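Student: I would like to go through this model term by term. Please set each value against its cut-off.

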Amino acid sequence: MKHWIRLGIAAALLTATAAPALADGPVRVRTPEEEKASFEADRRDILAMAGNYKVRFDMRESTPWREGYAPIEAKISGGHESVRVIEDTGRVIRLQHLLVVSHEGKDHVIKHWRQDWEYEPEKVLVYSGPDSWTWEEVPERMRAGRWSQTVYQVDDSPRYGGWGQWTTEAGVRRWRSNWTWRPLARRDAVRGPVYDRYLGINRHQSFPGGWVHWQDNTKMGQFDGKLAPVVQEYVLNTYTRFDGYSVKAADDYWAATKGYWAAVRAEWDRIAATKNGIRITEAAESGTVIASRLLEIAGDVQSGKTKEADAIKTARALMDQATRAAN
């Protein structure tokens with residue numbers, strides 16, 4: 001089981017990878033009818049990301065911003081992923097990604113990343129530097145008609161958050177984020193590069209056969225006590241609708257563990273609220289120092305080795321001990 005947890009974390013953090021340009025000039029006030037139509041169109045675009053997919057991950061360093069730095073070779077990989085709506089209250093939508101890996105005739109499901117969308121949020125939990133996620137207020141003038149997207153790691157701890165607006169440009173509906181800070185993905189963290197975080201913009205947009213997640217990342221590092229750009233990276237993750245894999249395996253895993261993971265999500269929310277954010281040690285292999293254990297507990301719940309109530313109690317204690325109050 002631990003082998004598959006490590007494999008899952010590697011695959012999950014490979015991509016655990018969110019907001020529109022600020023409008024220039026005066027903004028026309030929309031009628032209530034226009035606001036309602038726009039809100040419903042946004043919801044349709046977000047909910048349309050649910051489904052079963054063949055995924056292609058394409059990550060490429062391009063322009064070096066630091067003298068002497070040589071961009072690494074492009075990294076291209078893929079897999080099968082089921083995306084499920086696990087909550088929809090109207091103004092809040094949560095989408096859980098489940099990675100399905102086949103090996104030696106057996107299907108293995110890895111809980112992958114999660115994306116939460118909130119309409120007109122007042123604040124967003126953002127990455128604020130090594131081991132730290134803090135609350136950031138969304139400017140009041142930028143809330144109307146906009147959505148935040150918060151991305152979570154395989155253990156439901158936060159990864160990054162941003163806000164933006166769904167717009168139509170050149171006939172294509174897309175959501176573009178503000179500039180967001182992010183910790184290193186596993187693909188970089190395990191190499192110990194000269195950069196230690198990303199500053200990026202994310203776009204989500206549909207196409208007839210699925211949707212794409214495009215990232216424009218500036219990889220940043222500390223030099224002489226100051227953050228400076230090292231290299232630009234372009235990431236294009238393409239989700240093409242496909243059900244020629246064991247979709248049932250993904251759904252069975254979620255049916256068995258969703259109660260446990262709901263409690264884990266609630267505990268992270270409690271920690272973020274009571275400790276003014278989340279401070280927890282990052283780990284190159286797994287995102288956080290407790291990710292492997294939380295996934296292992298979920299596996300024990302699925303197999304029947306551990307009762308859900310006992311698993312939740314263990315997870316809560318582990319999370320509380322591993323986190324500390326944010327500054």
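**Terms and values**

Tutor: Start with S82, which is buried, at a relative accessible area of 0%. This is a predicted model, where local features need pLDDT of at least 70, side-chain atom pairs count only at pLDDT 80 or more, and totals for chains, interfaces and linings use all residues. Residues are numbered from 1 along each chain as its sequence is written, and side-chain values use heavy atoms, with hydrogens and water left out.

Student: Why is S82 called buried?

Tutor: Buried means under 20% relative accessible area, exposed means over 50%, and partly exposed is in between (1.4 Å probe, protein chains only). S82 has 0%, so the word is buried.

Student: Where does S82 lie, and what is S82 in contact with?

Tutor: S82 lies in strand β2 (residues 75-88). Strands (E, at least two residues) and helices (H or I, at least four) are DSSP runs, numbered from the N terminus. Contact means heavy atoms within 4.5 Å. Leaving aside neighbours within four places in sequence, the contacts of S82 include N52, H97 and Y245.

Student: What makes S82 and N52 a polar contact?

Tutor: The term asks for a pair of N or O atoms within 3.5 Å; within protein, one must be able to donate a hydrogen and the other to accept it, and residues adjacent in sequence count only if both atoms are side-chain atoms. The side chains of S82 and N52 make such a contact at 3.2 Å.

Student: How do you know that R94 and E87 form a salt bridge?

Tutor: A salt bridge needs a side-chain nitrogen of Lys or Arg within 4 Å of a carboxyl oxygen of Asp or Glu. For R94 and E87 the N to O value is 2.8 Å, and the pair qualifies. E87 is partly exposed, at 27%.

Student: How many salt bridges does the whole structure hold?

Tutor: The search finds 27. E61, R187, D188, R191, K219 and E233 are linked in a network of them.

Student: What makes R186 and E285 a link between distant parts of the chain?

Tutor: First the bridge: the closest N and O atoms of R186 and E285 are 3.0 Å apart. The two residues are 99 residues apart, with R186 in helix α3 (residues 186-189) and E285 in the loop between β15 (282-283) and β16 (287-288). E285 has 47% relative accessible area, so it is partly exposed.

Student: What about R270 and E267?

Tutor: Their side chains meet in a salt bridge at 2.8 Å, N to O. They are 3 residues apart in helix α4 (residues 247-274), so about one helical turn separates them. R270, at 35%, is partly exposed. E267, at 8%, is buried.

Student: How do you know that β7 and β8 pair?

Tutor: Two strands pair if DSSP finds at least two bridges between them. Strand β7 (residues 147-152) and β8 have 6, and run antiparallel. T150 has G161 in β8 as its bridge partner. β8 and strand β9 (residues 172-177) also pair in the antiparallel sense, over 6 bridges. W166 stands opposite W175 in β9.

Student: Why call strand β8 mostly covered?

Tutor: In β8 (residues 158-169), 9 of the 12 residues are buried.

Student: What is the confidence of the model?

Tutor: pLDDT is the predictor's confidence in each residue, from 0 to 100. The mean is 92, and 91% of residues reach 70 or more. Over residues 12-24 the pLDDT is below 50. Where pLDDT is low, the predicted coordinates should not be read in detail.
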